[in-house]
Amino acid sequence: MIISASRRTDIPTYYSEWFFNRIKEGFVYVCNPMNIHQISKISLSPEVVDGIVFWTKNPVPMLDKLDRLEDYAYYFQFTVNSYAKDIEANIPSKNDIIVPAFIELSRKIGPEKVIWRYDPIMLTSKYSIDYHVNYFNELAKRLSGYTHKCVISFVDFYRNTQTHLKDLDILPLGENEMYELAERLVEIARKNNLIVESCAEKINLDQFGIQHGHCIDCNLLERISNCKMDLSKDKNQRPECGCMESIDIGAYNTCKNGCKYCYANFSQTTVNKNTGLHNPYSPLLFGEVSPEDKITERKMVSLKNNQLNLF
């Protein structure tokens, strides 16, 4: 199985000690988001974990511990975009910390295993199309050679994101704006030896050379592990999502990045409560197992296809 770490929270930034403790112990507990008393025990043994996909905006806390992952195939989805503190409240300086961390990570594990995400794209009077294009150009020049791919998406207005963004002067982002951005970003990407893919987008951008991407990517995992895998599409994601099936070991309402467009945090009060309950030695990301909890061990099998291909 593939482990996602995590769409729900930034594990590399805030929970790397916990994560490596779970790797050492060989398992993790994950609460059902719909019923916190239903807990799955997930094996993290290299024998059944075929790959790990990390999602982060700042991997600095993990950079000196990557040798602990030598038994695993893994790669990073690394978000670096144009927003300042008004939208990404707790992200350190892109210029001084985040971009250098991207470069260091790439040097350690290789550019194929560090995927640049410039997303989600939204428009305001401050973050105009020209602003995005100019910032993207500067980032592309600095990240060129340290990644092969950039993934873009356009903001989705869920109920909680609408609440978080209500104080910003959000501008319409229709097909014309998407097409203009796609064309201009691809031109910059090509100049910097990058391909561009979209993430879970209904809009077709093929005419600009932008294919629908797969963030949990079977082809990439097969190349990294040098082994075929019998992976299937993740039916629990949106229909537009091209990801392969994975098990997410994160938890909602636990990310401290403070991004106003985030769909995974519903309430800052709940985030504060949950993060205050984090124990790096607990099998759970936050809190402890209680008597009313029911723990079920999930059946984990490797999906690697080790049969010899003669053709």
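Of the 311 residues in the protein chain of this predicted model, buried residues make up 53%. The accessible surface of the chain comes to about 15,100 Å², and carbon and sulfur atoms account for 48% of that area. Among contacts with a separation of 6 or more, 73% are between residues 24 or more positions apart in the chain.

The secondary structure of the protein chain consists of 8 helices and 13 strands. The radius of gyration is 19 Å, close to the 19 Å given by the globule rule for 311 residues, so the chain is as compact as a globular protein of that length. Taken along the principal axes, the box filled by the C-alpha atoms is roughly 55 × 55 × 35 Å.

Empty space within the model was examined next. Rolling a probe the size of a water molecule over the atoms shows where such space is left. The count comes to 1 cavity of 30 Å³ or more, and the volume of the largest cavity is about 30 Å³. The largest cavity is lined by Gln77, Ile115, Lys149, Val151, Glu197, Gly213, His214 and Cys215. By residue class, this lining divides into 3 nonpolar, 3 polar and 2 charged residues.

Pockets, unlike cavities, are open. The second largest pocket holds about 300 Å³ of space. Its lining is made up of 19 residues, and those nearest the centre of the pocket are Pro33, Ile36, Ala251, Tyr252 and Phe286. Strand E2, which spans residues 27-32, and helix H8, which spans residues 268-276, each supply at least two residues of this lining. The largest share comes from E2, with 4 residues. In the lining of the second largest pocket, 13 residues are nonpolar, 5 are polar and 1 is charged.

Glu222 lies in helix H7, which covers residues 218-225. The relative accessibility of Glu222 is 12%, and because buried means under 20%, Glu222 counts as buried. When residues up to four places away in sequence are not counted, Glu222 touches Cys227, Lys228 and Met229. Between Glu222 and Ala101 there is a separation of 121 residues in sequence; in space, the C-alpha atoms of Glu222 and Ala101 are 26 Å apart.

Technical notes: Residues are numbered from 1 along each chain as its sequence is written. This is a predicted model: local features need pLDDT of at least 70, side-chain atom pairs count only at pLDDT 80 or more; totals for chains, interfaces and linings use all residues. Side-chain values use heavy atoms; hydrogens and water are left out. On a 1 Å grid over the protein atoms alone, a cavity is a set of points where a 1.4 Å probe fits but cannot get out, and a pocket is an open set with protein on both sides within 12 Å along at least five of seven lines; lining residues have an atom within 4 Å of a point. Grid points are joined across faces, edges and corners, and a volume is the space filled by probe spheres set on the points. Ala, Val, Leu, Ile, Met, Phe, Trp, Tyr, Cys and Pro count as nonpolar, Asp, Glu, Lys and Arg as charged, and the others, Gly among them, as polar. The radius of gyration is taken over C-alpha atoms; the globule rule is 2.2 Å times the number of residues to the power 0.38. Buried means under 20% relative accessible area, exposed over 50%, partly exposed in between (1.4 Å probe, protein chains only). Contact means heavy atoms within 4.5 Å. Accessible areas come from the Shrake-Rupley method with a 1.4 Å probe; for residues, only the protein chains shown count as cover.
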